[in-house]
Amino acid sequence: MFSYPQSRYVSLGPADPPKPYGPVPTAAQVAWQRMEMNMFCHFGPNTFTGLEWGEGTEAEDIFNPTALDCNQWVAVAKQAGFGGIILTAKHHDGFCLWPNPMSTHTVRESAWRNGQGDVLRELSDACRKGGVKFGIYISPWDRNAHTYGTPEYNKVFLKTLRHAHTHYGPIFEQWFDGANGEGPNGKKQVYDWKKFNGQTKKLQPNAVIFSDVGPGCRWVGNEEGKCGRTCWSRLDIEGFGPGADAPSQDTLNAGNYNGACWIPAETDVSIRPGWFWRESEHPKSVQELLKIYYNSVGRNSLLLLNVPPDSRGLIPAEDSLRLMEFRAALDSIFAHDLAKKVEFIFASEERNISECNIRPTTYDPLWLVRGDYDNYWATDDGVTTAYIQLRFDEPQTFNRVMLQEYIPLGQRVEKFHVEVEDENGSWRTIAEETTIGYKRIVLTETVTTKKVRIVIDKSRACIVLNRVGLFMDSISEQ
Ligand code: FUL
């Protein structure tokens, strides 16, 4: 177990915390980012027809799950380590999984449970009971609504949102899909995003709003589970909008260096080839899921993994089994933080120190290995380069380096590298990267060493980190 080494330092007088730098997240955005992994459930008529994008003309009776059990979805999500579930309450085909009074294309019109069924009710209740957060996907694009393409549709959509937000809340995330497949001869809807977002904020103030451009979180720019190696949680949205008006996919992938708004990336990807369940398709391997994890959570993004229920209304056994294997793999890698075995941790710079011998000081590098989210190591204002050195009694073998910036004060680091000392006492660089953000997991070769250095080469303001972890991944194919 880790014990405090003696040192000469104690912090001076008033704590003098670093000032926030640039745009910073709201409390809801911080809580959202700390969830790290959530589950997406695509479910609806497409589950029964095999289509990816339903036409909107499907008979309501098509929707007829034979054994729907949302408690099972929640149990799977919990065991896999997902903090929240987001359900496609209305996909592009317009079919509503709840009896939406604004539509006649809903569960109410179906034969399922004699028109008395309500998937939103069942899932929101199951989530509350199971201690999992509940979120809603509602597609603005609607191939069923006869008002679609007219100003009237915006009113219908607002009332649809209002109904969902006042009957099934609280919700932690509202997901607005930017997709619209209407061709040149299709209907053009001018969405009233200001009203959609404004009403959502009013009715669900703690919900993080997803769209291609936020305002709560943004699309990562692809559906392959890949966030940018450089990833800023900042984005410029002036003059942009969701869908066709969004910035380029590369911009969404990396964020804007000087972006005016805090809009972190969310990586949405399906465990299966399609978003909806199909009998002929199967879940990705644990290797692929680990790669997705490193490329999303490990790159300053939240992972929203789609696990579609089947036509019975259950998460299929092969998917839940795969998720349990994935969870076991993550646990075996991340349950043992070798950094906690550190004998001595030294920082070349520390905020606000004087000579004394009580540790941990207010901005002590010791906080980096304690996992106490709101305590952090910081440097003095204007000090934007520094290193942390960890020394161990025994050589440690690892190939993953985890770093976290304390994002309530903004995102700062733009260049860092990792060095290890070999047996001859010479230092060798094993990784060079750019951004850190909420969490960065650097993949390195497997090294065995008694000394590790994290060098922050460039930060945009004084450095504020709250975590350094060292892990051994023996599962991923290198
Ligand atoms: C896309 C949609 O078109 C897909 O069907 C799916 O819902 C995905 C999450 O977003 O834009």
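# Reading burial, contacts and a ligand site

Colleague: Let's start with Gln199: is this residue buried or exposed?

Modeller: Gln199 counts as buried, at 13% relative accessibility. The general idea is that buried means under 20% relative accessible area and exposed means over 50%, with partly exposed in between (1.4 Å probe, protein chains only). Before we go on, this is a predicted model, so local features need pLDDT of at least 70 and side-chain atom pairs count only at pLDDT 80 or more, while totals for chains, interfaces and linings use all residues. Residues are numbered from 1 along each chain as its sequence is written, and side-chain values use heavy atoms, with hydrogens and water left out.

Colleague: Where is Gln199, and which residues is it in contact with, leaving aside neighbours within four places in sequence?

Modeller: Helices (H or I, at least four residues) and strands (E, at least two) are DSSP runs, numbered from the N terminus. Gln199 has its place in helix α6, residues 193-203. Contact means heavy atoms within 4.5 Å. With neighbours within four places left aside, Gln199 is in contact with Leu158, Leu161 and Arg162.

Colleague: What about a whole helix: how many of the 11 residues of α8 are buried?

Modeller: Here you count residue by residue. Eight of the 11 in α8 (residues 286-296) are buried, so the helix is largely enclosed by the rest of the structure. They are Val286, Leu289, Leu290, Ile292, Tyr293, Tyr294, Asn295 and Ser296.

Colleague: And what covers the buried residues of α8?

Modeller: The cover includes the strands β2, β10 (265-270), β11 (301-306), β15 (386-405) and β18 (440-459), along with helix α9 (317-334).

Colleague: Now strand β11. What does Leu304 touch there, not counting residues up to four places away in sequence?

Modeller: Leu304 is found in β11 and is buried, with a relative accessible area of 0%. Its contacts include Asn38, Met39, Phe40, Ile86, Trp175 and Asp268. The C-alpha atoms of Leu304 and Asp268 are 4.7 Å apart, although the two residues are 36 apart in sequence.

Colleague: Which residues are around the ligand?

Modeller: A residue is near a molecule if one of its heavy atoms lies within 4 Å of it. The residues around the ligand are Phe40, His42, Trp53, His91, His92, Tyr137, Trp175, Asp177, Ala179, Glu223, Asp268 and Trp275. The shell divides into six nonpolar, three polar and three charged. In that scheme, Ala, Val, Leu, Ile, Met, Phe, Trp, Tyr, Cys and Pro count as nonpolar, Asp, Glu, Lys and Arg as charged, and the others, Gly among them, as polar.

Colleague: Which distances should I look at, and what share of the ligand's area does the protein cover?

Modeller: A polar side-chain atom of His42 lies 2.7 Å from a ligand oxygen atom. For His91, a side-chain N or O atom is 2.9 Å from an oxygen atom of the ligand, and for Asp177 that distance is 2.7 Å. The protein covers 91% of the 300 Å² of accessible area that the ligand has on its own. Such areas come from the Shrake-Rupley method with a 1.4 Å probe; for residues, only the protein chains shown count as cover.

Colleague: Last one: how many disulfides does the structure hold?

Modeller: A disulfide is a pair of cysteine sulfur atoms within 2.5 Å. The structure holds zero. Take Cys70: the closest cysteine sulfur, in Cys127, is 8.0 Å from its own, too far for a bond. Cys70 is buried, with a relative accessible area of 2%, and Cys462 is buried at 4%.

Methods:
Polar contact = N/O pair within 3.5 Å; in protein donor to acceptor, adjacent residues only side chain to side chain.
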